[in-house]
Amino acid sequence: MSSAARAVDETLLTARPEWQALQRHLQQIEIRHLRELFAADPQRGQRFSVEGAGFYFDYSKNRITDETLRLLLALAQACGLSERINAMFRGEPINTTERRAALHVALRAPRTERILVNAIDVVPGVHTVLDRMASVANRVRNGEWIGQSGKRIRNVVNIGIGGSDLGPVMVYEALRHYSDRAIAMRFVSNIDGTDFVEAVRDLSADETLFIVCSKTFTTQETLTNARAARAWCIDALGDQGAIAKHFVAVSTNAEEVARFGIDTDNMFGFWDWVGGRYSIGSAVGLSTMLAIGEENFRALLAGFRAMDEHFLHAPPARNLPWLHGLIAVWNNNFLGASTVAVLPYEQYLKRFPAYLQQLAMESNGKRVTVDGVAVAYETAPIVWGEPGTNGQHSFYQLLHQGTRLVACDFIGFCRALNPLGDQHDLLIANFFAQSEALAFGSAADEPHRNFDGNRPSNTILGESLTPHSLGALVALYEHSVFVQGAIWNIEPFDQWGVELGKALAQRVAAEIAGGSELAHDSSTDALIRRYRALRQKS
């Protein structure tokens, strides 16, 4: 092999000396048990823990040693992680396939910050939109926003999909404790008509405000549901002009927004450097601000910012997103844990695992590098989970005694938002006990009662669930996903994989509506014919 060819080969991840060193190190770790590692180091729990942005991160129950961490940090250095982080915060076009910045961190930058994209400072525009959002939210919350019949708004329905739905739903549920209960919040995303019908079934149109979230105002699912909402509103109020008083838009397409009937003064834009799954802090968060108010929304942004600052400035060995992301790579690529269970011991975080599914799997579910070369290693693990203690009576059996190795993230808080007897103490007792059981197991004479243990987990512990702590928690995972993508040398900010199915669906929809000749595979053609034959049958 020529020296030039060897130089190219050594840029491939698995050919890097740092990767190969981890492969050799794995042979030492595979034969060791967490029981042994803890017995050999009485201070392991404290040494393998860090704090930042209000969270205590205990990663001691992972199958790692000081040498593992040293090698992982060396791999990160070789992959240029620090440079990629700095490039993102500077607003450089790190989204290479779409040739634009990935600058969601600008959404939570203070007014005094200066961040340039194509030589333009984007921070003033961010705060202009936030101020306009606050104006609308305050008017709705204090009763100044009047609908067509002169009544105040008591219901808000957010219509979106993907990041325009998963983020707002998750944050609303997570911060419901801080929400104005006089305003009913509903969310519609599925193109299945049931989603819309059930969302508005008990609402009065003259007291309802719809938020239509679509950057291009062409997203099929969102626009289909928005048209259903417009028809429902006009049918109830009898006036096309009612749309201007009962709809607002989160979009950049003023022409289509106006054609729909929405007053463009009530259109809130965002930027092509904000990906949908990273857009909570943008105008996509309007429903959140309506629910929890301007002050709490700004506290949410401050929590994001606190973790951003920690990620940017904390030393790698004490940096929560660095460590969380590198341990995820270790568990996935070296120990073979191809799934991650996210287990919040906080009922308000019941939608958090679903939110993280999009964040992690849409970002890093890629099979080619940024250069378009097929990868020779696993990328994004499958993310799933449910709140504790519910999951303990559902899938924890597999976590403890199943044949698959599942990495787990346990998330909990020291103070309950709704104290009720000793229930929070019992909740947290389970929270601590489950990670202990996964790590250390329990020997028994009967095989079916034996717990092998040695199963990896992280524990993320905060003081209480507040807007600030939620922002920091989400930012922790955002940046961890970025760390993983940087190691795998993939593009975490595009999502081309969602496009093919959408394009085919438009073709099939036209064929269903028009009854035209079919030219798909034999399976798809047969399914379409069967659907045509049965759809009108009573």
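Is N158 buried or exposed? N158 is buried, with a relative accessible area of 0%. Buried means under 20% relative accessible area, exposed over 50%, and partly exposed in between, with a 1.4 Å probe and protein chains only.

Before moving on, note the ground rules. This is a predicted model, in which local features need pLDDT of at least 70 and side-chain atom pairs count only at pLDDT 80 or more, while totals for chains, interfaces and linings use all residues. Residues are numbered from 1 along each chain as its sequence is written, and side-chain values use heavy atoms, with hydrogens and water left out.

**Stop 1**

Select N158. It lies in strand β5. Strands here are DSSP runs of E with at least two residues; helices are runs of H or I with at least four; both are numbered from the N terminus. Show the contacts of N158, where contact means heavy atoms within 4.5 Å. Leaving out residues up to four places away in sequence, N158 touches S164, P168, R186, F187, V188, I211, C213 and S287.

Now show the whole sheet. It is open, has 5 strands in the order β6-β5-β7-β8-β9, and its pairing is parallel. Two strands pair if DSSP finds at least two bridges between them. Look at the edges: β6 (184-188) and β9 (267-268) each have a single partner strand, so one side of each is left without a neighbour in the sheet.

Select 208-213 and 247-250. These are β7 and β8, paired in the parallel sense over 4 bridges. V212 has A249 in β8 as its bridge partner.

**Stop 2: the mixed sheet**

Next, the open sheet of 6 strands. Its order is β1-β2-β13-β12-β10-β11, with mixed pairing. The edge strands are β1 (49-52) and β11 (382-384), each pairing on one side only. Neighbouring strands of this sheet are turned by 15° against each other on average, direction ignored.

Start from β10, residues 339-344. β10 pairs with β11 in the parallel sense over 3 bridges. V340 has V383 as its bridge partner in β11. β10 also pairs with β12, again parallel, over 6 bridges.

Move to β12. How many of its 8 residues are buried? The count is 8 of 8. In a regular strand the side chains alternate between the two faces of the sheet. Both faces of β12 are covered: V406, C408, F410 and G412 are buried on one side, and A407, D409, I411 and F413 on the other. β12 pairs with β13 in the parallel sense over 6 bridges. F410 has T459 as its bridge partner in β13.

α18 lies across β2 (55-58), β10, β12 and β13 (457-462), running at about 165° to β12.

**Stop 3: the cores**

A nonpolar core is a set of buried Ala, Val, Leu, Ile, Met, Phe, Trp, Tyr and Cys residues joined through side-chain atoms within 4.5 Å. The largest has 123 residues; W273, F352 and L470 have the most contacts inside it. Helix α18 (residues 467-488) gives the largest share of this core, 13 residues. A second, separate core of 21 residues includes F217, C233, F247 and A249.

Centre on W273. Residues up to four places away aside, its contacts are A101, A102, L103, H104, A106, L107, V117, V122 and V126.

**Stop 4: the rings**

Rings of Phe, Tyr and Trp (its six-membered ring) pair if their centres lie within 6.5 Å; planes under 30 degrees apart count as stacked, over 60 as edge-to-face and the rest as tilted. By this rule there are 24 aromatic pairs. One of them is F431 with F432: tilted, 5.3 Å centre to centre, 40° between the planes. F431 is buried at 1% relative accessible area, whereas F432 is partly exposed at 43%.

Select F210, F217, W232, F247 and F260. They form one aromatic cluster.

Finish at R44. A charge sits over a ring if NZ of Lys or CZ of Arg is within 6 Å of the ring centre and within 35 degrees of the ring normal. R44 lies over the face of F38, at 5.3 Å from the ring centre. R44 also lies over the face of F48, at 4.5 Å.

How values were computed:
Axes are lines fitted to C-alpha atoms, for helices over the stretch in contact, and angles run from 0 to 180 degrees between N-to-C directions.
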